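Thanks, everyone. I'd like to go through one structure today, starting with a helix and then turning to the core.

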Amino acid sequence: SQLVMQGEKLDVFSEYGNKEQRDAFYTQEAAYIHNLQAQKSEENLFFVTQQQDWHDAWYTKDKRALPGARARTEKWLSLWDFNEPDAVFWIFSDHGYEVVNNVTPKDSLAWVLYRDNTPSPLLPARKLISSLDFYATILHKVGLDKYCEEAKDSISIHLPAPLARTFLGEDSRVKSDARFACSSVASRVTAWSSQDGEMVNVEGGGGGERIGERDRERARERAR
């Protein structure tokens, strides 16, 4: 099995405050997404795209871009056929919405939408994951698990993970340094509800996530 990168360098659109350019961008996106999902191949094709309308509008406080930014993002998501056969979708936010100069645990708590329409779908074993887990997950899907040894901190989402796992978040902040990561935070879960599996505290900040008793038992087995 092999992994094929498709396309050219990812050019990130950022002129969301310019209506003419913005409308042209979304028209091109609709055509791109339609053509992309119409492609058929016997190989494993891997596509990467980026949409940050709400991200840029909120961060820059651009009054021309803010109105309708979330609605445009939702409309962009609706362009995708998430029922596409034999396809895997990994849609994620790389940080929370309250961006501050110094990354906090709350800001590094994000989300992932994972959908697997392949004949042998991969079922997530837990609800709390690291962004690093994308690497091992995709390698497992294409039968290249042997390369997971190169990134031991990456754990495919079909496997349990230690509950005492430490999550490192880092990011650049345009106001401080536009090119390099200049803020970081290490977070870990410090307390779990014994009744319904609710995460009640994240060291250094708040947040909410749920994990079941089965997940905890799998993690204990993995740690033994």
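First, a definition: the expected span of a helix is 1.5 Å times one less than its number of residues. What we have on screen is a predicted model. Helix H1 has 20 residues and should therefore span 28 Å, and the 29 Å between its end C-alpha atoms agrees with that.

At the start of H1, Asn-18 places a side-chain oxygen within 3.2 Å of the backbone nitrogen of Glu-20.

Now, which residues of H1 are buried? They are Arg-22, Phe-25, Tyr-26, Glu-29, Ile-33, Leu-36 and Gln-37. Looking down the axis of H1, you find these buried residues within an arc of 95°, so they line one face of the helix. Turned away from that buried side is a face with the exposed residues Glu-20, Thr-27, Gln-28 and His-34. Helix H2 (53-60), H3 and strand S3 (88-92) are included in what covers the buried residues of H1.

In soluble globular proteins, nonpolar side chains tend to be buried together. Here the largest nonpolar core has 13 residues, and those touching the most other members are Tyr-16, Phe-25, Tyr-26, Trp-76 and Trp-80. At least two residues of this core come from each of helix H1 (19-38) and helix H3 (69-78). H1 gives the most, 4 residues.

Take Trp-80. Setting aside neighbours within four places in sequence, Trp-80 is in contact with Ile-33, Leu-36, Gln-37, Thr-49 and Phe-89. Another core, of 5 residues, lies apart from this one, and includes Ala-136, Leu-139, Val-142 and Cys-148.

Conventions. Residues are numbered from 1 along each chain as its sequence is written. This is a predicted model: local features need pLDDT of at least 70, side-chain atom pairs count only at pLDDT 80 or more; totals for chains, interfaces and linings use all residues. Side-chain values use heavy atoms; hydrogens and water are left out. A nonpolar core is a set of buried Ala, Val, Leu, Ile, Met, Phe, Trp, Tyr and Cys residues joined through side-chain atoms within 4.5 Å. Buried means under 20% relative accessible area, exposed over 50%, partly exposed in between (1.4 Å probe, protein chains only). Contact means heavy atoms within 4.5 Å. The arc is that of the directions from the helix axis to the C-beta atoms. A polar contact is a pair of N or O atoms within 3.5 Å; within protein, one must be able to donate a hydrogen and the other to accept it, and residues adjacent in sequence count only if both atoms are side-chain atoms.
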